[in-house]
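Work through the exercises below with the coordinates open. Each task is followed by a solution in steps.

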Amino acid sequence: MKTGVLFIHGFTGGPFEVRPLVNYVRSKTDWLVSVPTLPGHGVKLELRKASANTWLMEAELAIRKLAQQVDRVIVVGFSMGGLIAMYLALRYKVDKLVLLSAAAKYISPRILLRDLGILWTGSIQKKYPPNTFYHLYDYKLTHTPFRATLEFLRIVKTVEPYYERIQAPVCIVQGMKDGIVPFSAAEYLYKKLGSEKKVFIKSPFGKHHICYSDDCDNWFDEVLAFMQEN
C-alpha cells in the first residue's frame, strides 16, 4: 500500500515551516511527499490578492493530485494549515491527520506580549536572539495587509462548526511556550474532534514554529509512529 503525505504550512509562512518534519519523514520512509505553497505565501509575501478561497482551492488541488498517486493519504497541517487539513478531512478520504500548533484559537496574550517586546526591541536595533523567527515576524508586520488577516479568520469560521464531524485518526502536537496559538487550543481540539483515535503530544520547549523546537527529535519519532500505525 503506497502512502502519500500532504504538508500544509501556516498563514504568512511557507514550506520552510514544516521542512524539518518533511525531511525526517523522507529520510525514514519511501512515502510520496507533497508540500505546496499557498497562493501569496512563500519567501516573498504577496497577500493582497490572495483569499481563503484560493488557499482552500490550492489545498484541494494538492490532495486530489496526491490521492491519484497513492493508496492512503495523511495530511499534516501547521497553524492555519491545521485548519485547512481539517477542512480537507471533511471533504476527502484522509487516512490520518497530524495537527501542529493548529490555530483553532490564537494569541496567548501573556506569552505574545513578551515575544512582541523582544520583537519591538529587535526591530529597532535589528538584533534578534539566535535561532528564532523574530526577523520573519518583523517582515510579516510590514507585508501582511489587514484584509489577509480577515481571510485567515474566514478559514477559522469555515471549519470551526464541524470539528465533531471529523472522524480521521488525529495526532495533535502543541508547544507549551507557543506565543501565537495558546495551549488551550490543542486541548479544545482534543475534546471537540469526533475522531475515535486521538494522540496528544505536548512539547515542553515548543514555541509556535514547533518543527524547530529543541525537543523536536523526540516527538518526530512519536508522530511517525502514529503515521505508520495500522
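The exercises go from the whole chain to the sheet, then to single helices and residues.

The model is predicted, so local features need pLDDT of at least 70 and side-chain atom pairs count only at pLDDT 80 or more, while totals for chains, interfaces and linings use all residues. Residues are numbered from 1 along each chain as its sequence is written, and side-chain values use heavy atoms, with hydrogens and water left out.

**Exercise 1. The whole chain**

Task: state how many helices and strands the protein chain has, and give their pattern along the sequence.

Solution. 
- Step 1. Helices (H or I, at least four residues) and strands (E, at least two) are DSSP runs, numbered from the N terminus.
- Step 2. By this rule the protein chain has eight helices and six strands.
- Step 3. Along the sequence the pattern is β-α-β-α-β-α-β-α-α-α-β-α-β-α.
- Step 4. Buried means under 20% relative accessible area, exposed over 50%, and partly exposed in between (1.4 Å probe, protein chains only). Of the 230 residues in the protein chain, 53% are buried.
- Step 5. A contact requires heavy atoms within 4.5 Å. Among the contacts of the protein chain with a separation of 6 or more, 73% are between residues 24 or more positions apart.

**Exercise 2. Strand β1 and its partners**

Task: describe how β1 pairs, and state whether its residues are buried or exposed.

Solution. 
- Step 1. β1 and β3 are parallel and share six bridges; in this pair Gly4 stands opposite Val73.
- Step 2. Three bridges join β1 to β2, also in parallel, and Val5 stands opposite Val33 there.
- Step 3. Between β1 and β2 the chain passes through helix α1 (residues 19-28) in a right-handed β-α-β crossover. Right-handed means that, with the strands pointing away from the viewer, the path from the first strand over the helix to the second runs clockwise.
- Step 4. In a regular strand the side chains alternate between the two faces of the sheet.
- Step 5. Thr3, Val5 and Phe7 point one way from β1, Gly4, Leu6 and Ile8 point the other way, and all are buried.
- Step 6. Because six of the six residues of β1 are buried, the strand is largely enclosed by the rest of the structure.

**Exercise 3. The β5-β6 end**

Task: list the bridges and the crossover that link β5 to β6.

Solution. 
- Step 1. β5 (residues 170-175) and β6 (residues 198-203) run parallel and are joined by six bridges.
- Step 2. Gln174 stands opposite Lys202, and Gly175 stands opposite Ser203.
- Step 3. With helix α7 (residues 183-192), β5 and β6 make a right-handed β-α-β unit.

**Exercise 4. Helices on the sheet**

Solution. 
- Step 1. Glu60, in helix α2, is buried, with a relative accessible area of 9%.
- Step 2. Beyond its neighbours within four places in sequence, Glu60 contacts Tyr87, Leu88, Arg91 and Tyr92.

**Exercise 5. Helix α6**

Task: locate the buried side of α6 and what packs against it.

Solution. 
- Step 1. The buried residues of α6 (residues 146-159) are Ala148, Glu151, Phe152, Ile155, Val156 and Val159.
- Step 2. They cover an arc of only 155° around the axis, which puts them on the same side of α6; the arc is that of the directions from the helix axis to the C-beta atoms.
- Step 3. These buried residues pack against α2 and α3.
- Step 4. The face turned away from the buried side of α6 carries the exposed residues Phe146 and Lys157.
- Step 5. Arg147, also in helix α6, counts as partly exposed at 37% relative accessibility.
- Step 6. Arg147 and Ser51 are 96 residues apart in sequence but 8.7 Å apart in space, C-alpha to C-alpha.

Definitions and conventions. Pairing = 2+ DSSP bridges. Expected span 1.5 Å × (residues − 1).
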